[in-house]
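Q: I would like to learn how to read features from a structure like this one. Can we go through it piece by piece?

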Amino acid sequence: RAMAEGGDNPMREMFISKLVLNISVGESGDRVTRAGKVLQQLTDQEPCYSRARYTVRTFGIRRNEKIATYVTVRGDKAKDIISKGLAVKEFELRRKNFSQAGNWGFGITEHIDLGLKYDPNAGIYGMDFYVIMKRAGDRVAKRKLRKGRVGTKQRITKHEAIAWFEKTWNEDFAKVLN
């Protein structure tokens, strides 16, 4: 009824559920721990480490070796970090950066572009940003008791995510190319 009168439905509002920052080093040892320190410096959170699933001799990695580090950020801190990352990309993303489920991501080649000080001991790392979008009512499918299904109209589509992105960062002239 509120939609018929032209009102906004609060259940249709999209928001950022979480941001996952990932630095995939591809080798174990000191480089992974230094990459973890870079993430900790950026987010003020303790990073987790990903392990290799199996041994690949050509890459020089063994099974269960730490080869990457990641951290999940939520709330206002996530939005601030996304803004820093988008500033590096000049607030331009491609259409292929958005998934069919409305999530989106991008990568940067140098972490020092985010405003972190360069440390010669640590080196320079590239990182992946991946943003998970959400709408109210998403928990219905995730909860343990009385699990339900999220209707197709409540799911986020690629086009809705692109429109939300351009509207949210419009003061920075955000745009999605081809």
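Q: Leaving aside its neighbours within four places in sequence, which residues is Asn97 in contact with?

A: A caution before the answer: this is a predicted model. Once neighbours within four places in sequence are set aside, Asn97 is in contact with Asn103, Trp104, Gly105 and Phe106.

Q: Where does Asn97 lie, and what does its side chain reach?

A: Asn97 belongs to the loop between strand 4 (92-94) and strand 5 (104-108). Its side chain reaches the backbone oxygen of Gly105 at 2.8 Å.

Q: Next, strand pairing. How many bridges join strand 1 to strand 6?

A: A general point first: side chains in a regular strand alternate between the two faces of the sheet. In this model, strand 1 (residues 14-24) and strand 6 (residues 127-135) run antiparallel and are joined by 8 bridges. Within that pairing, Leu19 stands opposite Val131 of strand 6.

Q: In what sense do strand 1 and strand 3 pair, parallel or antiparallel?

A: Strand 1 pairs with strand 3 (residues 66-73) in the antiparallel sense, over 6 bridges.

Q: Over how many bridges do strand 2 and strand 3 pair?

A: Strand 2 (residues 48-51) and strand 3 pair over 4 bridges, again in the antiparallel sense. Here Tyr49 has Thr69 in strand 3 as its bridge partner.

Q: Now helices. Which residues of helix 2 are buried?

A: The general idea is that an α-helix has 3.6 residues a turn, so residues three or four places apart point the same way. In helix 2 the buried residues are Ala78, Ile81, Ile82, Gly85 and Leu86. Seen down the axis of helix 2, these buried residues fall within an arc of 140°, so they line one face of the helix. The face turned away from the buried side carries the exposed residues Asp76 and Asp80.

Q: What span should the 14 residues of helix 2 have, and how far apart are its end C-alpha atoms?

A: Helix 2 (residues 75-88) should span 20 Å at 1.5 Å a residue. Its end C-alpha atoms are 21 Å apart, which agrees. Helix 2 is followed by Glu90, whose phi is positive, near 60°.

Q: Which residues of helix 4 are buried, and what do they pack against?

A: The buried residues of helix 4 are Lys158, Ala161, Ile162, Trp164, Phe165 and Thr168. They cover an arc of only 160° around the axis, which puts them on the same side of helix 4. They pack against strand 1, helix 2, strand 4, strand 5, strand 6 and strand 7. On the face turned away from the buried side, helix 4 carries the exposed residues His159 and Lys167.

Q: Salt bridges remain. What does the count come to?

A: The working rule is a side-chain nitrogen of Lys or Arg within 4 Å of a carboxyl oxygen of Asp or Glu. By this rule the count comes to 5 salt bridges.

Q: Which residue forms a salt bridge with Glu160?

A: Arg12 does, with the closest N and O atoms 3.3 Å apart. This pair links distant parts of the chain, 148 residues apart: Glu160 is in helix 4 (residues 158-168), and Arg12 is in the segment before strand 1. Glu160 counts as partly exposed at 23% relative accessibility, and Arg12 is partly exposed with a relative accessible area of 29%. Arg12, Arg135 and Glu160 are linked in a network of salt bridges.

Q: How far apart in helix 1 are Arg34 and Asp30?

A: Arg34 and Asp30 are 4 residues apart in helix 1 (residues 30-43), which means they are separated by about one helical turn. Their side chains meet in a salt bridge at 2.8 Å, N to O. Arg34 counts as partly exposed at 24% relative accessibility, and Asp30 is partly exposed with a relative accessible area of 48%.

Q: What parts of the chain does the salt bridge between Glu92 and Lys175 link?

A: The side chains of Glu92 and Lys175 meet at 3.5 Å, N to O. The pair links distant parts of the chain, with Glu92 in strand 4 and Lys175 in strand 7 (residues 175-177), 83 residues apart. Glu92 is partly exposed at 29% relative accessibility, and Lys175 is partly exposed with a relative accessible area of 36%.

Note on methods: Residues are numbered from 1 along each chain as its sequence is written. This is a predicted model: local features need pLDDT of at least 70, side-chain atom pairs count only at pLDDT 80 or more; totals for chains, interfaces and linings use all residues. Side-chain values use heavy atoms; hydrogens and water are left out. Helices (H or I, at least four residues) and strands (E, at least two) are DSSP runs, numbered from the N terminus. A polar contact is a pair of N or O atoms within 3.5 Å; within protein, one must be able to donate a hydrogen and the other to accept it, and residues adjacent in sequence count only if both atoms are side-chain atoms. Contact means heavy atoms within 4.5 Å. Two strands pair if DSSP finds at least two bridges between them. Buried means under 20% relative accessible area, exposed over 50%, partly exposed in between (1.4 Å probe, protein chains only). The expected span of a helix is 1.5 Å times one less than its number of residues. The arc is that of the directions from the helix axis to the C-beta atoms.
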